[in-house]
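Let's take a quick tour of a protein model together. Have a look at the sequence and the 3D view below, and keep them handy while you read.

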Amino acid sequence: MIIEPKVKSSILLTAHPEGCKQLVKEQIEYVKNNKKYTGAKKALIIGSSSGYGLATRISLAFGGSKTETIGVAYENGPKGKRTGTAGWFNTLAFNEEAKKEGIKYKNFMGDAFSNEMKEDVIKFIKEEFGKVDLVIYSLASGKRQDPIDGIMYTSALRSTTGGVTGPTVDLESDTIFTQTMENATKEEEKATVKVMGGEDWNLWIRALAEADCLTEGAKTFAYSYIGPKLTYGIYKDGTIGLAKRHLEKTADDLDAYLKEKINGEAYTSVNKALVTKASAYIPIFPLYACILFKVMKEKGIHEGCIEQTHRLFVDMIYGNEPVIDEARRFRPDNWEMREDVQAECEELWGKITPENFRELSDYDGFKYDFFQLGGFLVDGVDYSADIDLDALSEEEI
Ligand code: NAI
């Protein structure tokens, strides 16, 4: 099959295995050619197949520590005419490179929110893998079935301050249009916190600790976002912001629990805005990202997932230059939030029109990153080649 990109409503419906493989290799090369650190011996990454979770796994495994990793993700392999998801191909590519270097790994594909997944991972840690000293929580999902009451909650990216209207980009027609984020109902607020808040992270960490799967002094981090004033309406003061504040509160509860139990620690890390499957879907947010990328690239401080994550580990988590705010949050978003960066973003935001947005923002860079999420537009990949999806579907994950 010849695989081409198909986009619908800010979602890429297809993925190219060769492109994904090439990009995973590039991320590995990046960490190999950068500062090294001694990090975790054994880590569990929940949400390991794309975006920040994948970059975390790569930094840990190839950035000097040769960390053995367990990855949990919800991805599908090729089936019939469906290509399989990028996260599936990213994971196959990670496996291949880890195998070459004799770095142990194990993948669990399925619903991280379920009790069954927690039980399976715990069984594997106890019977084969050994205790972990780091747990990273990097899930981004639209739905979560509560394992206790069985109710399926669907998150709603909505405002909590009366609704927000603003411009955003349309990747299919290369235009900008006005989008409205409606105000959330109380049920939508609750559902979004249920899906993207800290409840599931809390269940994971307590289940792991109770089952004696964490080493003395083990750490856990969940990824979060705050963003600048420009995006408060859609993010910080939106339903997703409510969920992230819940995640931060959970970090404090878990920190106290782990201190007592194993002398452990729990934190959130507030990461930079980037193009990932999850963020491209947030209303209005993509135009902010296009402007931010332009400003940060011009200042020479732009980072992608791997650069940002590797800096978090090298300098902050396992290094001597942690940036931690008054609320105990790690802040690798410190360059995005710099006053000069935000002043320029605000100025550009005020000048953007449908006619000038390609000049005043890095729309082209954003779009390029978006297609690369599915392994497209990658140098050196022959996109006219016939891909044998049947053979790929038989590869063991
Ligand atoms: P992503 O969409 O690239 O990755 C999400 C991961 O979660 C994937 O590995 C996916 O397979 C997994 N997943 C989703 N539902 C699952 C389920 N039910 N069971 C098991 N695995 C599941 O997302 P991204 O952007 O890397 O997000 C990860 C975290 O980073 C999120 O908490 C997000 O809020 C945070 N973050 C993202 C930023 C951005 O701009 N992309 C900025 C700052 C923080």
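Which residue forms a salt bridge with Arg158? Glu188 does, and the closest N and O atoms of the two are 3.4 Å apart. Keep in mind that this is a predicted model. With that said, here's what you can find in it, topic by topic.

**Salt bridges**

- Searching the whole structure turns up 34 salt bridges.
- One of them joins the side chains of Lys35 and Asp315, with 2.8 Å from N to O. This pair links distant parts of the chain, since Lys35 sits in the loop between helix 1 (17-32) and strand 3 (42-46), Asp315 belongs to helix 9 (residues 305-317), and the two are 280 residues apart.
- Is Asp315 buried or exposed? Asp315 counts as buried, because its relative accessibility is 13% and the cut-off for buried is under 20%.
- Back to the pair we started with: Glu188 forms a salt bridge with Arg158. Glu188 lies in helix 5 (residues 186-196) and Arg158 in the loop between strand 8 (152-154) and strand 9 (164-170), so the pair ties together parts that are 30 residues apart in sequence.
- Arg158 has a relative accessible area of 29%, so this residue is partly exposed.
- Asp325 and Arg329 also meet through their side chains in a salt bridge, at 2.7 Å from N to O. Both Asp325 and Arg329 are buried.
- That pair belongs to one network, in which salt bridges that share partners join Arg245, Glu248, Asp325, Arg329, Arg331 and Asp333.

**Around the ligand**

- Which of the 29 residues around the ligand come nearest? They are Ser49, Glu75, Lys244, Leu274 and Thr276.
- Ser49 has a polar side-chain atom 2.6 Å from an oxygen atom of the ligand.
- Lys244 also reaches out with its side chain, where an N or O atom is 2.7 Å from an oxygen atom of the ligand.
- Tyr223 does this with its backbone instead: a backbone N or O atom lies 3.3 Å from an oxygen atom of the ligand.
- How much of the ligand's accessible area does the protein cover? On its own the ligand has 830 Å² of accessible area, and the protein covers 94% of that.
- Sorted by class, the shell around the ligand holds twelve nonpolar, twelve polar and five charged residues.
- Helix 2 (51-62) and strand 11 (214-224) each give at least two residues to this shell.

- Gly53 is part of helix 2. Its relative accessibility is 0%, so Gly53 counts as buried.
- Thr220 is found in strand 11. With 1% relative accessibility, Thr220 counts as buried too.
- What does the side chain of Thr220 make a polar contact with? Its partner is the side chain of Trp201, at 3.0 Å.

**Loops and the surface**

- Ile11, Leu13 and Tyr281 make a nonpolar surface patch of about 300 Å².
- Tyr281 is located in the loop between strand 12 (265-270) and helix 8 (285-298). Its relative accessible area is 48%, so Tyr281 is partly exposed.
- Ile284 is also found in the loop between strand 12 and helix 8, but Ile284 is buried, with a relative accessible area of 5%.
- Check the backbone of Ile284 too: its phi is positive, about 70°, although the residue is not a glycine.
- Asn263 has a positive phi as well, near 60°, and is a residue other than glycine. You'll find Asn263 in the loop between helix 7 (239-262) and strand 12.
- Asn33 is located in the loop between helix 1 and strand 3. With a relative accessible area of 59%, Asn33 is exposed.

Terms used
Residues are numbered from 1 along each chain as its sequence is written. This is a predicted model: local features need pLDDT of at least 70, side-chain atom pairs count only at pLDDT 80 or more; totals for chains, interfaces and linings use all residues. Side-chain values use heavy atoms; hydrogens and water are left out. Patches are made of residues with over 30% relative accessible area and no salt bridge: like charges are joined within 9 Å, nonpolar side chains (Val, Leu, Ile, Met, Phe, Trp, Tyr) within 5 Å. Accessible areas come from the Shrake-Rupley method with a 1.4 Å probe; for residues, only the protein chains shown count as cover. A salt bridge is a side-chain nitrogen of Lys or Arg within 4 Å of a carboxyl oxygen of Asp or Glu. Helices (H or I, at least four residues) and strands (E, at least two) are DSSP runs, numbered from the N terminus. Buried means under 20% relative accessible area, exposed over 50%, partly exposed in between (1.4 Å probe, protein chains only). A residue is near a molecule or strand if one of its heavy atoms lies within 4 Å of it. A polar contact is a pair of N or O atoms within 3.5 Å; within protein, one must be able to donate a hydrogen and the other to accept it, and residues adjacent in sequence count only if both atoms are side-chain atoms. Ala, Val, Leu, Ile, Met, Phe, Trp, Tyr, Cys and Pro count as nonpolar, Asp, Glu, Lys and Arg as charged, and the others, Gly among them, as polar.
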